[in-house]
2 protein chains.
Amino acid sequence: MSEVTCDISVSVDGFAAGPNQTLEEPFGDGDVERVHRWMFEGREDNVSEVEAITAAGAFIMGRNMFSPGRGEWDLDWKGYWGEEPPYHAPVFVLTHHPREPVEMQGGTTYTFVTDGIESALEQARAAAGDRNVSIAGGAATVNQYVAAGLIDELRLHVAPILLGAGERVFEGVPNLALQSMAGRHTDLVTHLTCRFSR
Amino acid sequence: MSEVTCDISVSVDGFAAGPNQTLEEPFGDGDVERVHRWMFEGREDNVSEVEAITAAGAFIMGRNMFSPGRGEWDLDWKGYWGEEPPYHAPVFVLTHHPREPVEMQGGTTYTFVTDGIESALEQARAAAGDRNVSIAGGAATVNQYVAAGLIDELRLHVAPILLGAGERVFEGVPNLALQSMAGRHTDLVTHLTCRFSR
C-alpha cells in the first residue's frame, strides 16, 4: 500500500517559515532563505533527498503555502510555482473557500478541498494510485496530519539557523514514540527521517 | 580561550523534559526516558558524545535540574546524582534562594548563584581555567544562555519520540544564523552540533 510522506525544511528551532508572510516574502521574515539553501546551493550533496520531495503521486498543501491571500480567492492567483509547477501531479489545497480546479502545464492540477484533511487525503490517495501521497506543507498542515496519526514518514530537513518565531512544526502534536529515526548530514542541512507507527 | 558548550537531549519536537516534573519523575510525563536511552543502551555507539558531556572544567545548571523543590531549600537535598556525582568538577546552580556551597565526593562542588546567568558564567570560567564551561540544562537555562549569545557550541541529542509538551529548547531565542552545524546519527539518537558566532 502506498504511504503518506512529508518533507519539510525547518530551522534548527523548528520553524518552517518566519513571521509576517507576504506576497513578496512568502516564507516571512528572518533570513529564512537559509532554511531552503540546501536544496539549491547544496543540490549535488542532497540529490536523493531533493528527488524524494517530488516523487509522490499526489500532494496536499495548506492554503497558506499556495497563496499569500487569506480570504476569498483572487482567481488570477495560480500558486507560487509559475505555469509549470514542479509537482507534475495532482495537488490538493486545503481551504475554507471553494474554488474550481486549476489545471497547470506539466501534469499539475490544483484541486481545492473544503471538507478537511481526511477528505483531502482520501482524494489524494485515489489520485496517487500505487504511489505515495506527500504532505507538502506548511507547518500547520503538517501538524494537523501528525496529530491525526496519518503520516508514515516525516522527513525534516534541518538548516543551520534559528528563526525564533513563525510557523513551527510539531505544535499541538501528541506524545508519541517514533517507530524509528534516521539521520544524514551534509554541509548545509541535517536530514531527520521520522517513521511513525500506524 | 576556553569555550562555552552545552549538551542537551531532546525529543524530535524539541522538549528536554515532559510536563509535571516531580521527585519521582524528574523529567516529567510522557515516556521521557526514551530521550535519554541513547546514553545508556546506546553507549557504545556514542562514546565520544557521552564523554564530551562531562569533559568540561565547570558546569552550570538551573535550579529545576538540580532539585524537584521550587521554593526555599530543603538542605538535605543534594542533587539527583548521589554522593559522587558524575561531574567531578565545580557545578554552579542558578537559583533565587541563597544557599551555602555543598561539597560532594569525587570533585563535584555545588555552588548556588543568585545574581544571574552572567555571574554564574564568570564564576564557572574562573573555576574551569583552561577547560570549557558546560551549560548542563535544563531547557530554560539553555534558552537564557542562547538568547544572551553566550554559547559557542550547542550539542542537541535528538531522540525518536514526540513529547508534545513540557520544557522546550529554543523558546524565546532570537533570529540568528548559526556559524555551522554538524550531524551524526546512530541507532537511538541524532547528534546535531550547532556552532554560534561570537
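**Exercise 1. Work out whether A:Trp38 is buried or exposed.**

Step 1: Start with the cut-offs. A residue is buried if 20 or more other C-beta atoms lie within 10 Å of its own, exposed if 12 or fewer do, and partly exposed in between, with C-beta atoms placed from the backbone.

Step 2: Count for A:Trp38. There are 24 other C-beta atoms within 10 Å, so A:Trp38 is buried.

Before you go on, a word on the model: it is predicted, so local features need pLDDT of at least 70 and side-chain atom pairs count only at pLDDT 80 or more, while totals for chains, interfaces and linings use all residues. Residues are numbered from 1 along each chain as its sequence is written, and chains are lettered from A and ligands numbered from 1 in the order in which they are written.

**Exercise 2. Find where A:Trp38 sits and what it touches.**

Step 1: Look for the element. A:Trp38 belongs to helix α1 of chain A. Helices (H or I, at least four residues) and strands (E, at least two) are DSSP runs, numbered from the N terminus.

Step 2: List the contacts, meaning C-beta atoms, placed from the backbone, within 7 Å. Skipping neighbours within four places in sequence, A:Trp38 is in contact with A:Asn46, A:His157, A:Ala159, A:Thr186, A:Leu188 and A:Val189.

Step 3: Zoom out to the helix. Helix α1 (residues 33-40) of chain A lies across β1 (4-11), β8, β12 and β13 of chain A, and runs at about 105° to β8(A). For that angle, axes are lines fitted to C-alpha atoms, for helices over the stretch in contact, and angles run from 0 to 180 degrees between N-to-C directions.

**Exercise 3. Trace the sheet of chain A and name its edges.**

Step 1: Read off the order. The open sheet has nine strands, β5-β6-β4-β3-β7-β1-β8-β13-β12 (chain A), with mixed pairing. Two strands pair if DSSP finds at least two bridges between them.

Step 2: Spot the edges. They are β5 (102-103) and β12 (180-186) of chain A, each pairing on one side only.

Step 3: Check one pair. Strands β8 (residues 153-159) and β13 (residues 189-195) of chain A run antiparallel and are joined by six bridges. Within β13(A), A:Thr193 is the bridge partner of A:Arg155.

**Exercise 4. Describe the core and A:Phe59's place in it.**

Step 1: Here a nonpolar core is a set of buried Ala, Val, Leu, Ile, Met, Phe, Trp, Tyr and Cys residues joined through C-beta atoms within 7 Å.

Step 2: The largest such core has 114 residues, and A:Phe59, A:Ile60, B:Phe59 and B:Ile60 touch the most other members.

Step 3: Beyond its neighbours within four places in sequence, A:Phe59 is in contact with residues including A:Tyr87, A:Val91 and A:Phe92.

**Exercise 5. Show how chains A and B are related and where they meet.**

Step 1: Superpose the copies by least squares on the C-alpha atoms of residues with pLDDT of at least 70 in both. A rotation of 180° with 0.0 Å of shift along its axis puts chain B on chain A (RMSD 0.0 Å). That is the relation of a two-fold axis.

Step 2: Look at the axis. In chain B, B:Arg184 comes closest to it, at 3.5 Å (C-alpha).

Step 3: Count the contact. Chain B gives 28 residues and chain A gives 28 residues. On the side of chain B that touches chain A, β12(B) gives the most, with six residues.

Step 4: Compare the surfaces. Because 100% of the interface residues of chain B are also interface residues in chain A, the copies meet through the same surface.

Methods:
Two residues are in contact if their C-beta atoms, placed from the backbone, lie within 7 Å.
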